[in-house]
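Dear colleague,

Please find the structure below, handed over for your use.

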Amino acid sequence: LNSAIIDLFDFIRKENIKSLIAYTADKFEEDLKTVSYVETFSELFAQHQKNLEVMAVEVQDRTNDTFVAQEAEDVYYTTEDNSEEAKAPETTGGAAPSRIVPYQEE
């Protein structure tokens, strides 16, 4: 039975099943650190630390990407658009604006 459990935890570590690694590290770290006759649990906790570091970097990258995207969006919306398509047609005096499609009036 002991061997099967150790093999199970070794499989979890090798496959990097993050949810089970995190749960095991959070709930049973103090108890499993006392098991010193195999390296499985110390390697499992090392994998947990590595996963935490990777998550922190990913969160930082997402935060930076969001900030850069937000800044680019702000620049886009605050810059003046001088293209001809964006200009409103000029009206002459009080004349009614011309229609885009010339419909015949009845």
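At 18% relative accessibility, R13 counts as buried, where buried means under 20% relative accessible area, exposed means over 50%, and partly exposed covers the range in between (1.4 Å probe, protein chains only). The model is a predicted one, in which local features need pLDDT of at least 70 and side-chain atom pairs count only at pLDDT 80 or more, while totals for chains, interfaces and linings use all residues. Residues are numbered from 1 along each chain as its sequence is written, and side-chain values use heavy atoms, with hydrogens and water left out.

R13 takes part in a salt bridge with D10, the N to O distance being 2.8 Å. The term salt bridge stands for a side-chain nitrogen of Lys or Arg within 4 Å of a carboxyl oxygen of Asp or Glu. Both D10 and R13 belong to helix α1, three residues apart, or about one turn of the helix. An α-helix has 3.6 residues a turn, so residues three or four places apart point the same way. D10, like R13, is buried.

A salt bridge also joins the side chains of R13 and E43, at 3.2 Å from N to O. Because E43 lies in helix α3 and R13 in helix α1, this pair ties together parts that are 30 residues apart in sequence. E43 is partly exposed, at a relative accessible area of 34%. A network of salt bridges links D10, R13, K14 and E43.

How many salt bridges does the whole structure hold? The search finds four. One of them brings together the side chains of K33 and E29, at 3.2 Å from N to O; E29 is partly exposed, with a relative accessible area of 25%.

As for the overall fold, the protein has three helices and zero strands, in the order α-α-α along the sequence. Helices (H or I, at least four residues) and strands (E, at least two) are DSSP runs, numbered from the N terminus. Of the 106 residues, 15% count as buried. The protein exposes about 9,400 Å², and carbon and sulfur atoms supply 54% of this area; accessible areas come from the Shrake-Rupley method with a 1.4 Å probe, and for residues only the protein chains shown count as cover. Among contacts (heavy atoms within 4.5 Å) with a separation of 6 or more, 54% are between residues 24 or more positions apart.

The largest nonpolar core is made up of nine residues: I6, F9, I12, I21, A25, L32, F41, L44 and F45. The elements giving two or more residues to this core are α1 (2-14), α2 (18-32) and α3 (40-78). A nonpolar core is defined as a set of buried Ala, Val, Leu, Ile, Met, Phe, Trp, Tyr and Cys residues joined through side-chain atoms within 4.5 Å. With residues up to four places away in sequence not counted, I6 touches Y37, V38, T40 and F41.

Where does α2 bend? A bend of about 55° is found at D26, the bend at a residue being the angle between axes fitted to the seven residues ending there and the seven starting there. Between its end C-alpha atoms α2 spans only 17 Å, whereas a straight helix of 15 residues would span 21 Å at 1.5 Å a residue; the expected span is 1.5 Å times one less than the number of residues.

The buried residues of α2 are I21, T24, A25 and L32. T24 has a relative accessible area of 6%. Leaving aside neighbours within four places in sequence, T24 is in contact with F9, E29, L32, L44 and F45. The C-alpha atoms of T24 and L44, 20 residues apart along the chain, are separated by 8.8 Å.

H48, in helix α3, counts as buried at 9% relative accessibility. Apart from residues up to four places away in sequence, H48 touches I21, A22, A25 and D26.

Finally, N16 is found in the loop between α1 and α2. Phi of N16 is near 50°, a positive value in a residue other than glycine. N16 is partly exposed, with a relative accessible area of 23%.

With kind regards
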